[in-house]
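Visitor: I would like to learn how to read the features of a model like this one. Could we take them in turn, with the general idea before the case?

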Amino acid sequence: MKILANDGISQKGISLLEKNGFDVITTNVAQEQLGHFINKNEVTGLLVRSATKVNKDLIDACPNLKLVGRGGVGMDNIDVEYAHKKGIQVINTPSASSLSVAELVFAHLYGGVRFLYDANRNMPLEGDSKFKQLKKSYGNGKELAGKTLGIIGFGRIGQAVAKLALGAGMKVVFFDPLLDDVSLTLSFFDGQSVTFHLKKTDKEELLRISDFITVHVPAQKNYVLGKKEFDLMKDGVGIINAARGGVIDEVALVDALESDKVSFAGMDVYESEPRPEIRILMHPKISLTPHIGGATNEAQDRIGIELAEQIISHFK
Ligand SMILES: O=C(O)[C@H](O)COP(=O)(O)O
């Protein structure tokens, strides 16, 4: 059986598949040529990340496709319902990248409260006075410890973020329409553990009391944070979006940054991807990353292995 990993797959995933008799192709075929390539090479399993779109057109063009695997969490680039209708199995790896996304959220948070994104851009090549001036302008940083982190969406990634926050000495509040109380156990390297019991907070209350807000929900039809929500927030709040573009209204976000309602934003995903709007790209109070939440060696290894194991058990 031939598998095309069109957006790449870790070597560990490839090796496991090959050891079990699968033929793995790792070429990146352009969207327009994908249907032709799949048919010509008799590919029956297509693996993707977020770049390749598995839409109705592609599914219709590939009648011999039996499985689509998403290396990652979000399935918004796959027409899952239509694939199922055509008898195609669709799989993903819902938990393999949670910790990596959570760590990126913290990279944005720690970077935000100490102005790292701006300091990097502005460090002078020479000149004592410019250095002194920057030292002063970045002289009112904040500690995360003791502050309140509001987490909207409390699935695997939201909970992984919460664990890091609790470990960093933050107070955590969460809102998730599907959950009430959650117990989280933090395990330490020496085998000790601590369990925290968290109660769901009302969304409005979360917006009012949080010093930082991070969103961890799937792709949405409506904004989760727009003008109405920004208006309710504390002055100087920090905002993180490592979930999906379209979850936060970017026009309202830029307005809130300009009025100092929001002090900084950390963004890994954009309403317009892969080319974010220029006002987002150039904004001095936004820390930007190019959709790399799950892009660590560890997460990609776990993803590759999990995909391979699911494929092996499905076809054997
Ligand atoms: O949904 C996901 O798993 C993340 O957004 C990662 O997307 P990527 O696989 O394109 O990096």
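Visitor: Where is the place of P274?

Guide: Helices (H or I, at least four residues) and strands (E, at least two) are DSSP runs, numbered from the N terminus. In those terms, P274 sits in the loop between β12 (262-267) and α12 (278-281). This is a predicted model, in which local features need pLDDT of at least 70 and side-chain atom pairs count only at pLDDT 80 or more, whereas totals for chains, interfaces and linings use all residues. Residues are numbered from 1 along each chain as its sequence is written, and side-chain values use heavy atoms, with hydrogens and water left out.

Visitor: Which peptide bond is cis, and which residue has a positive phi although it is not a glycine?

Guide: Most residues other than glycine have a negative phi, and most peptide bonds are trans. Here a cis peptide bond joins E273 and P274, with omega about 15°. The positive phi, about 50°, belongs to E42, which is found in the loop between α2 (34-40) and β3 (43-48).

Visitor: How many salt bridges does the structure hold?

Guide: A salt bridge is a side-chain nitrogen of Lys or Arg within 4 Å of a carboxyl oxygen of Asp or Glu. The structure holds 14 salt bridges. One of them pairs R121 with D118, whose closest N and O atoms are 3.7 Å apart; both residues lie in helix α6 (residues 116-122), three residues apart, about one turn of the helix.

Visitor: What does the domain assignment give?

Guide: Domain bounds come from an automatic or database domain assignment. For this protein, that assignment gives domain 1 (2-93 + 297-315) and domain 2 (98-288). Six residues from domain 1 and five residues from domain 2 take part in the contact, where contact means heavy atoms within 4.5 Å. The C-alpha centres of the two domains lie 32 Å apart.

Visitor: What is the area buried between domain 1 and domain 2?

Guide: Buried area is the accessible area (1.4 Å probe) that two parts lose on being put together, summed over both. Between domain 1 and domain 2 it is about 340 Å², of which carbon and sulfur atoms give 43%. Across this interface the rule finds one salt bridge. The side chains of D76 and R244 also meet in a salt bridge, at 2.8 Å from N to O.

Visitor: Which residues does UniProt list for the NAD-binding domain?

Guide: UniProt annotations may be inferred rather than shown by experiment; positions are given in the numbering used here, and feature names are shortened. The unreviewed UniProt entry lists residues 131-293 for "domain: D-isomer specific 2-hydroxyacid dehydrogenase NAD-binding". That span is 28% helix and 26% strand, and its end C-alpha atoms lie 33 Å apart.
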